[in-house]
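Work through the exercises below with the sequence and the model at hand. Try each task before reading its solution.

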Amino acid sequence: MSSTNAQFSQVLSKTLPPEMSFNLPKESVYAERQTVQFTAQGGPEFAPGNSISVLLPPRDDMMDTHCTFLQFSAKTTDANVAFCDGIFSVIDCVRIYSASGALLEELPYYNLRQRIEADVTVPQYLKDSCLGVAQGYFASGADKFAVSSGLHRYMLPIKSALLANQKHLPMKYTGGIRVEFTLAPGSDACIVKNNAIPGYTVKDVCIVSDLIKLNDQQIAVMDAAFKKQGLKLFGTTYNHHFLNYSVPNSTLNISDRSASQKDILLSFRDNAVLNDNAKDSFLRAKTITSYQFSVAGRLFPQRPIRCDDYASEAFVELTNAFHGHVIGAGLTVDKFNAPAEGTFVVGRDLESSRTVVSGDKSCKSQAVDMQVILTSSVAPNQRVDAFIGIDVVYEFLPTGEINIYK
């Protein structure tokens, strides 16, 4: 195992910029494990638009981020109001701050990004399972209005560079972090019938995590290493960009200067659906007939989108963007080709062809915009949300200083 880690570290040192290099742990940590709740500040009840903060204090334990979840209870304010599919719909934005108040990570339009991932990668049978119900999916045939109006307890993984990418988070050396969840407007998180007013309440919010309790010898070794070289944590996060698509044949510019762009996802939503409270605001439409990406002069192949018989190339590119974790159940032809509502999404892997782990850095090095070339047979009236996946490294120094490379 150690030789494999050493080889992988050598690959990373050659492919990532020098300031983003980091060392992998040489062996796993074996110690006692306990489950701890970190309760939200304020409350206990929160409404749309409120921000909810949970403090993760510095302590000698290691946080197992693969066993860390956001838990809360929620219900809609009226029997004629239902949550959109996936309870993450209520989370508009996630921000993570240091103990001094410095912003470490921001995940805007978190609900839309998670909805895309769910539609692309989660099959219906999992949504119908107990785990799916606990994450706010509606089982097949369920009355979503009846379910939503009752108070239910939900559990969500937190998709974040700091709280998801590395297996063990040494809480002591972060100096403590604060996780802030901003609740979405009722019109975004809910659908209504009978002209009801969209609204909901959230209560009893906490982060539940498995903590690994280290012994004195392990703590001493880690303290010595931290005093010598600090702590570097590697992860992936995303930037969000908003675009308007109103002319059938258009070239849209995305100004992103990240040092390592990994992938791009495009969500097309009709403005008419966004402005209708009786519609699911996260439904995505297909009006384009082709798309093509240009990244700093590197022109990717044009991909046609004809869902009647020719979407295979676009589907393969979407699969690559999700590293193979794509199932077809959420992208059936009728939904994929829906003119106003559906699950359509464009994905493109931007990893450099010359390396195995490094994203594309040419937009930053050449100070140019990424371009998306679209064609359509109809006049669109759409909002396009672009999510650029990026590499990020956090460097926590013994002086308390925190450096972020992305």
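**Exercise 1.** Find the residue with a positive phi in the hairpin of β21 and β22.

Solution. This is a predicted model. Start with the strands: β21 covers residues 382–396 and β22 covers residues 402–405. They pair in the antiparallel sense, over four bridges. Five residues lie between the two strands of the hairpin, and Gly400 takes a positive phi near 95°.

**Exercise 2.** Classify the aromatic pair of Phe83 and Tyr200, and state which parts of the chain are tied together.

Solution. A pair of aromatic rings is described by the distance of the centres and the angle of the planes. There are seven aromatic pairs in the structure. For Phe83 and Tyr200 the centres are 5.8 Å apart and the planes make an angle of 65°. An angle over 60 degrees counts as edge-to-face, so the pair of Phe83 and Tyr200 is edge-to-face. Now locate the residues: Phe83 lies in strand β5 and Tyr200 in strand β12, so the pair ties together parts that are 117 residues apart in sequence. Both Phe83 and Tyr200 are buried.

**Exercise 3.** Over which ring does the charged end of Lys193 sit?

Solution. The charged end of Lys193 sits over the ring of Phe145, 4.5 Å from the centre of that ring.

Key:
Residues are numbered from 1 along each chain as its sequence is written. This is a predicted model: local features need pLDDT of at least 70, side-chain atom pairs count only at pLDDT 80 or more; totals for chains, interfaces and linings use all residues. Side-chain values use heavy atoms; hydrogens and water are left out. Rings of Phe, Tyr and Trp (its six-membered ring) pair if their centres lie within 6.5 Å; planes under 30 degrees apart count as stacked, over 60 as edge-to-face and the rest as tilted. Buried means under 20% relative accessible area, exposed over 50%, partly exposed in between (1.4 Å probe, protein chains only). A charge sits over a ring if NZ of Lys or CZ of Arg is within 6 Å of the ring centre and within 35 degrees of the ring normal. Two strands pair if DSSP finds at least two bridges between them.
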